[in-house]
Amino acid sequence: MRISVLASLLGLSLVACAGNITGGGGDDDIPETCGNGAIDTGEDCDGGEGCTPACTFDPAEPRVLAAVDKTNVPTQLGRTESVTLTLTSAAFDGAATVIATVVDEADVPLPALTVTGPASVSLTDGQVVPTEYTVSIPSNATGAALNAKLKLDVTSTGGNHNLSTTVAIAAIYEVDYAAATGSDVAKHPIQSGTQLSTVALKRGATVAYHNVDTVQHITHGDGIFNHENENGNNNSPNIGLPNGTYMQPTLAAAPGSSGRLGCHLHGGDAGYVTFTVE
């Protein structure tokens, strides 16, 4: 009889252990990372309005989700760059306000850089709305490498989001000799309308003439700039050849000084760009 009782107790113990091993429901459905303050794999959210204790969204709670397509954009002077903000509505009908600003790494506004894009986006339940915001970088934005930030602050009754994209600006202003430029003067940068005839630069910036044509383009230089065959590379077989880039820095130039650069072989003076250093 005593053996029977002992066997029964052991059996109950094994059953209890088996139940603990297999699990099934309750807290086991909650991700281990839930509550760590970050949205990890298997989680919709991690705290905040509309987020359940299991780190999922309450399907009845109106919410707006936000994401950007790029977190880092490398660029140069004189260019425009676009970032797409995608807003997703779930059980939400209304407008989301978007404040777009450009700041430096210390969050100080950079007035020389401008951003355009809608200040408000209308949403209906289940709608996904991609919206473009464009940063314009003038030729004289900076004379040294600059990491700017495009900040997109989204507010709505369905939740708030603070997103940012780094805009890494190299202090380089590039001019391209396009394909077929050598055989058609009208395709030169100024004549084709892709390049202004006068450009302002901050001291320290570099001008780069890039040959994407299939023929040689030797770059003329005067004033603060060297002519391409007068920069110590006279014996180089790569002067002006396709895929080459002729670079002229302005760090040694005095403020207010200027110089011209353009194709020496084709186009003549009408193709020369005047660069002035600030």
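Which residues does Leu85 touch, not counting residues up to four places away in sequence? The list runs to Ala66, Ala67, Val68, Val98, Val129, Pro130, Thr131, Tyr133, Leu152, Val154 and Leu163, where contact means heavy atoms within 4.5 Å. The model behind this is predicted, so to speak of local features takes a pLDDT of at least 70 and side-chain atom pairs count only at pLDDT 80 or more, while totals for chains, interfaces and linings use all residues. Residues are numbered from 1 along each chain as its sequence is written, and side-chain values use heavy atoms, with hydrogens and water left out.

Leu85 also turns up in the largest nonpolar core, which has 43 residues; Leu85, Leu87, Tyr209 and Phe275 are those with the most contacts inside it. A nonpolar core here is a set of buried Ala, Val, Leu, Ile, Met, Phe, Trp, Tyr and Cys residues joined through side-chain atoms within 4.5 Å. Buried stands for under 20% relative accessible area and exposed for over 50%, with partly exposed in between (1.4 Å probe, protein chains only). Strand S8 gives the most to this core, with five residues. Strands (E, at least two residues) and helices (H or I, at least four) are DSSP runs, numbered from the N terminus.

Then there is an open sheet of four strands, in the order S11-S16-S15-S13 and with mixed pairing; two strands pair if DSSP finds at least two bridges between them. Its edge strands, S11 (198-201) and S13 (219-223), each pair on one side only. On average, neighbouring strands of this sheet are turned by 20 degrees against each other, direction ignored (axes are lines fitted to C-alpha atoms, for helices over the stretch in contact, and angles run from 0 to 180 degrees between N-to-C directions). S13 and S15 (residues 258-263) pair in the antiparallel sense over five bridges. Thr219 stands opposite Cys263 in S15, and Cys263 is buried, at a relative accessible area of 2%.

Ser139 sits in the loop between S7 (128-136) and S8 (146-155) and is buried, at 16% relative accessible area. A polar atom of its side chain lies 2.6 Å from the backbone oxygen of Ala200. Setting aside neighbours within four places in sequence, Ser139 is in contact with Leu77, Gly78, Tyr173, Val199, Ala200 and Leu201.

Next comes the loop between S10 (172-177) and helix H2 (189-192), which holds Lys187. Lys187 is partly exposed at 39% relative accessibility. Its C-alpha is 8.4 Å from that of Tyr177, ten residues away in sequence. Neighbours within four places aside, Lys187 is in contact with Ala179, Ala180, Thr181 and Ser192. Ala180 is found in the loop between S10 and H2 too, is partly exposed at 28%, and has a positive phi near 70 degrees. Most residues other than glycine have a negative phi. Asp107, in the loop between S4 (94-103) and S5 (114-116), also has a positive phi, near 65 degrees, and is partly exposed at 39%.

Finally, the structure holds one disulfide, meaning a pair of cysteine sulfur atoms within 2.5 Å. Cys34 and Cys55 form it, with their sulfur atoms 2.0 Å apart. The torsion about their S-S bond is about 90 degrees, so the disulfide is right-handed. Cys34 and Cys55 both lie in the loop between H1 (2-22) and S1 (63-68), so the pair ties together parts that are 21 residues apart in sequence. Cys55 is buried, at 2% relative accessibility.

Notes: Polar contact = N/O pair within 3.5 Å; in protein donor to acceptor, adjacent residues only side chain to side chain.
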